[in-house]
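Subject: Structure handover

Hello,

Here is the structure you asked about, with the sequence.

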Amino acid sequence: MDLIGLRIRNIRKIKQLTLKEAAKGIISVPYLANIENGVKVASFETLMHIAKRLEIPEEALLIGNEDLNKELLQELKQIFELLVFSNTKEVEDRLDKIAANVDLLCESPVIELSFYWLQAGFYYKTWEFSKAREIERTYLNSNEKRVVDSFPPDLLSYYYYGQAVKHSHATCDYQLAVEYWKKSIDLTDKAAFQVVFQVGLCINYICLNNYEPALKHIECAWNLIKRFPSRDQERITAILYLYGYINFQIGFMTEAKRKFEEVLVFFNMYPEAKTMYYFLVRFKLAEIERVEGNHELFDEKIVCLYEELMAHEASEIGFNNNDYLVITELMVIFAEQGSVLETSNLLAIINKVTEQVMEINFFVTYTETLLLYHQNKQSSYEKKMLDLLKKIDKSNDPALIERVKKHASKHFADSTKYKMAYNILA
């Protein structure tokens, strides 16, 4: 099976032609559908007639995989490697250069699809979800069977990776993300890729509150990265952080604290990693103090962290995705404490993010609800809280669900609306 049929379908849809309109006078509608689905291979003459109907050069449908542009194919492989290792600025520059200088319809369908899967993966990774979805809708409407049966290994890698990132970030379907991370692992023999994909698997198992497999996969990443030369061990910071996070979640605070403090040491060796994990580690170390009952020290640490975040915001350096996770957590803590100024400042940072992960939307809505509460806008608070309660169970954060329901129940109990208060926790 080749991929010319997928190109025909994409162009037909872009031209807003139905199957009947595209096939009229050339072939039957079912036959064209079979060509688009890769079931049938069109003759040379049929492809020429279809190209004319679609108003595109004949060469766009006559080029085959044997005509691969090897130089461009190698460039796409390098872009994929940069994407996996989070060099997103260079990925963007290289993709933009291809878009500006290459007519993808004059390249093989493999190269065209590779470009669009890498572009979609880039947008999902940088939280530009609407752009990614538009690329998928326009160019990548292929089903799983076509992917498995038709895609060569490199293209399959781009597809699986893009889907893993998509479901990790945009849809928050963590179980589906797990499946695609596993497929990505099975498809590569590069140890450096394996480390990144094992970390991705671990994170999604954590999001599923499934810590046993999360620990298993982070141990796999650890065993792999120990074999690398020290100069290539930058991701050891992510691995240690996740070790610490898992231990924190299962209640081993001493071990969690030790791992987080190890991460701080490695920041000296890998300053780039500090930009990704510094605020996360500082926040988890503060949380350990709260869990261990050191509430004054916890308050001191989160105030210091808040001040550092505001200084970072003033520097206009920009935040990364991990930073936004800390900001949302901190925002809710200050909101629950009634610290309106700090809450409002952190909320303003989050509101600058044009496309947010679904989970962050729950934090934002809860924060906005709490601000109404502390501003004594009771009716507005109750309306917004009741709306939030209708959807909060869709959150993947059990702790957040519990916090929302406890706050709502206490409020309604204090307002002598006892039945409502009881029903919230029932």
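Axes are lines fitted to C-alpha atoms, for helices over the stretch in contact, and the angle between two of them runs from 0 to 180 degrees between N-to-C directions. Please keep in mind that this is a predicted model.

Helix pair α13 and α14

The axes of α13 and helix α14 (residues 211-225) come within 8 Å and cross at roughly 160°. Angles over 145 degrees count as roughly antiparallel, so α13 is roughly antiparallel to α14. The crossing of these two helices is left-handed. On the α13 side, the contact residues include Ala191, Val195, Leu201 and Tyr205; on the α14 side, they include Tyr211, Pro213, His217 and Leu224. By class, the contact of α13 with α14 has 15 nonpolar, 3 polar and no charged residues.

Helix pair α11 and α12

For α11 and α12, the axes come within 8 Å and the crossing angle is roughly 155°. That makes this pair roughly antiparallel as well. α11 and α12 also cross in a left-handed sense. Among the residues in contact are Tyr159, Tyr160 and Tyr161 of α11, and Tyr174, Tyr180 and Trp181 of α12. The contact of α11 with α12 has 13 nonpolar, 5 polar and 1 charged residues.

Helix pair α1 and α4

Helix α1 (residues 4-14) and helix α4 (residues 44-54) have axes that come within 10 Å and cross at roughly 20°. α1 and α4 are therefore roughly parallel to each other. Their crossing is left-handed. Ile4, Ile8, Ile11 and Arg12 in α1 meet Leu47, Ile50 and Leu54 in α4. By class, this contact has 6 nonpolar, no polar and 1 charged residues.

The second largest pocket

How many residues line the second largest pocket, and which lie nearest its centre? There are 16 lining residues, and Phe80, Asp154, Ser157, Lys190 and Phe193 lie nearest the centre. The space in this pocket is about 260 Å³. Helices α6 (70-84), α11 (153-169), α12 (174-187) and α13 (191-207) each supply at least two residues of its lining. The largest share, 5 residues, comes from α6. By class, the lining has 6 nonpolar, 5 polar and 5 charged residues. Ser157 belongs to the pocket lining and is also one of the α11 residues in the contact with α12.

Regards

Notes:
Residues numbered from 1 in each chain as written. Predicted model: local features only at pLDDT ≥ 70, side-chain atom pairs only at ≥ 80, totals over all residues. Heavy atoms only, no water. 1 Å grid on protein atoms, 1.4 Å probe; cavity = no way out; pocket = protein on both sides within 12 Å on 5 of 7 lines; lining within 4 Å. Points joined across faces, edges and corners; volume = space filled by probe spheres on them. Helix = DSSP H or I, 4+ residues; strand = E, 2+ residues; numbered from the N terminus. Nonpolar A, V, L, I, M, F, W, Y, C, P; charged D, E, K, R; others polar. Parallel < 35°, antiparallel > 145°, perpendicular 65-115°, else oblique. Left-handed = near helix turned anticlockwise from the far one by under 90°. Contact = heavy atoms within 4.5 Å.
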